[in-house]
Amino acid sequence: MHIYPYIVPCECGGKEDVRWLSLIDNNGKGLKIEGYQLFHFDVHNNSVEDYTAASHSFELKQEDRIYLNIDHLHSGLGGDSGWNKTIHKEYQVKPGRYQYMF
């Protein structure tokens, strides 16, 4: 788990098109997740709410727990001219009803 030191903290380091993942501690205990479809995940020492509440990186205190976020679909970020909202249509998640299982 790596936190990139953006001035305004945000989730990062997610992995796309994953079939399975396993998280194992130093004692060899853990869990394995397999998707029926490809999925996205990220792992952090802070919750999504922590990232949302922090205005600066120094406000984000590393917790002594692990947060695993699993998403069926994850929209792209930015566009051709930097960090903006012009995401190419093929990378947008359209409104609709979605289901996935793992």
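Which residue in β2 is the bridge partner of Ile 24?

View 1. The bridge partner of Ile 24 in β2 is Gly 30. Strand β1 (residues 15-24) and strand β2 (residues 30-44) run antiparallel and are joined by seven bridges, where strands are DSSP runs of E with at least two residues, numbered from the N terminus, and two strands pair if DSSP finds at least two bridges between them. Five residues lie between the two strands of this hairpin, and Gly 28 in the turn has a positive phi of about 85°. This is a predicted model, in which local features need pLDDT of at least 70 and side-chain atom pairs count only at pLDDT 80 or more, while totals for chains, interfaces and linings use all residues. Residues are numbered from 1 along each chain as its sequence is written, and side-chain values use heavy atoms, with hydrogens and water left out.

**View 2. The pairing of β2 with β3.** Strand β3 (residues 67-71) pairs with β2 in the antiparallel sense over five bridges, and in this pairing Phe 41 stands opposite Ile 70 of β3.

**View 3. The open sheet.** Three strands, in the order β1-β2-β3, form an open sheet with antiparallel pairing. Because β1 and β3 stand at the edges, each with a single partner strand, one side of each is left without a neighbour in the sheet.

**View 4. Lys 32 and Trp 20.** Lys 32 lies over the face of Trp 20, at 4.7 Å from the ring centre; a charge sits over a ring if NZ of Lys or CZ of Arg is within 6 Å of the ring centre and within 35 degrees of the ring normal.

Note on methods:
Helix = DSSP H or I, 4+ residues; strand = E, 2+ residues; numbered from the N terminus.
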